Every structure is written in C-alpha cells, then in structure tokens.
Amino acid sequence: MNKTTLLAALVAATLSACTVVQLPGLGQPAASASSPQADVDAILNEANRLALKVRDGELDKVEAADALNAFRLKRVGRNPVDDDTFATYRAVTVARESGKLSAQAAQARMRAKLAEWQRGWQSMPNRPRNPAFTNYLMRVFGLPPLGAS
C-alpha cells in the first residue's frame, strides 16, 4: 500500500462520520472540466491535507469531515449517493469521537454503506454522473468504484 493510500485509509478511518451540514453557497459544482477520476483524486488530496491538520491539532475529526464535505460540494456538487454516503461518514466520525464506536466498528459501518451502494447501483434509476465522494471511499477501502461493472 503506497503512502498516499495509507494516509487516505487513515483519514477514512479517523474522519469516518449523521447529518449533512449545509453551508451557505455550497452545493453547486465548480465550473470545471474535471473528470470523475480527477475529482476522486482531488478529494483524496484534500483528505490527506485535512488529516495533517487533525494530526497537528488544528482541527478535530468532525471539523475535518465537515471541511471535506464542503470541499466535495464545491468540487462536484450534491447527488443522492454522495449525500447519503457522507451522512454515514459523518455519523461514524461523531460516534468515533464520542467513544461510541471502535475503529473496527467504524470501518465496518463504512464498508457496509459502500457495499450497500455497490449492490443498488446497477438498479438505481437516474444514477448520478459523478459519485466522486463515494468513489473516493471505495478507493480507500480497496473496492471497485461505482460504475465499474
């Protein structure tokens, strides 16, 4: 496992997190011609940057999760898959921070959410074009991205 993937896995495990925090002015994708893969890479890079801030005590894990959500909203906008995945991600982060979930239980809960989306993806009507946040987590957990059949 390379250093970037290892750090991303640490971010996913430690930031893993209930409700989607809505920030004013966010939710619309930035005007860019980025590809879905570039969006996943950008989210991974931002997660790594935030992980360093958590390590250095500049942010707690919930603040970092919210900042990652703000980044994904700015980068790719809202879609029902990523919104649902982030809600689970944030809930797990809150539960981890409050001591209600172990690291193993947090990872299991995130893996179960991702597996749920993998099972439902093919039959989902009106699939989003770019579930970048979910695919970022798929990469971190070593799972195939949505849309890869």
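### The aromatic cluster and its surroundings

A: Tyr136 counts as buried because its relative accessibility is 1%, where buried means under 20% relative accessible area, exposed over 50% and partly exposed in between, with a 1.4 Å probe and protein chains only. The model is predicted, with local features requiring pLDDT of at least 70 and side-chain atom pairs pLDDT 80 or more, while totals for chains, interfaces and linings use all residues. Residues are numbered from 1 along each chain as its sequence is written, and side-chain values use heavy atoms, leaving out hydrogens and water.

The chain has six helices and zero strands, these being DSSP runs numbered from the N terminus (helices H or I, at least four residues; strands E, at least two). In sequence order the pattern is α-α-α-α-α-α. Of its 149 residues, 44% are buried. The accessible surface of the chain is about 7600 Å², with 55% of it belonging to carbon and sulfur atoms; the area is a Shrake-Rupley value with a 1.4 Å probe, and for residues only the protein chains shown count as cover.

Across the whole structure there are four aromatic pairs. The pair of Phe86 and Tyr89 is tilted, because the ring centres lie 5.9 Å apart and the planes meet at 40 degrees. Phe, Tyr and Trp rings (the six-membered ring of Trp) are paired when their centres lie within 6.5 Å, and planes under 30 degrees apart are called stacked, over 60 edge-to-face and the rest tilted. Both residues belong to helix 4 (residues 80–97), where a spacing of three residues places them about one turn apart. Phe86 and Tyr89 are both buried. Phe133 and Tyr136 make another tilted pair, at 5.8 Å between centres and 45 degrees between planes. These two lie three residues apart in helix 6 (residues 132–140) and are therefore separated by about one helical turn. An α-helix has 3.6 residues a turn, so residues three or four places apart point the same way. Phe133 is buried because its relative accessibility is 0%. Ring pairs join Phe86, Tyr89, Phe133 and Tyr136 into a cluster.

The largest nonpolar core holds 30 residues, among which Leu68, Tyr89, Phe133, Tyr136 and Leu137 touch the most other members. Helix 2 (36–55), helix 3 (61–76), helix 4, helix 5 (103–121) and helix 6 each give two or more residues to this core. A nonpolar core is a set of buried Ala, Val, Leu, Ile, Met, Phe, Trp, Tyr and Cys residues joined through side-chain atoms within 4.5 Å. In soluble globular proteins, nonpolar side chains tend to be buried together.

Helix 4 contains 18 residues and spans 26 Å between its first and last C-alpha, close to the 26 Å expected at 1.5 Å a residue; the expected span is 1.5 Å times one less than the number of residues. Its buried residues include Val81, Thr85, Phe86, Tyr89, Val92 and Ala95. Asn79 itself lies in the loop between helix 3 and helix 4 and is buried, with a relative accessible area of 8%. Beyond its neighbours within four places in sequence, Asn79 is in contact with Arg72, Pro128, Asn130 and Pro131, contact meaning heavy atoms within 4.5 Å.

Asp60 caps its N-terminal end through a side-chain oxygen 3.0 Å from the backbone nitrogen of Val62. Val76 and Asn130 are 54 residues apart in sequence, yet their C-alpha atoms lie 7.5 Å apart. Just after helix 3, Gly77 takes a positive phi of about 80 degrees, and just after helix 4, Gly99 likewise has a positive phi of about 80 degrees.

Methods:
Polar contact = N/O pair within 3.5 Å; in protein donor to acceptor, adjacent residues only side chain to side chain.
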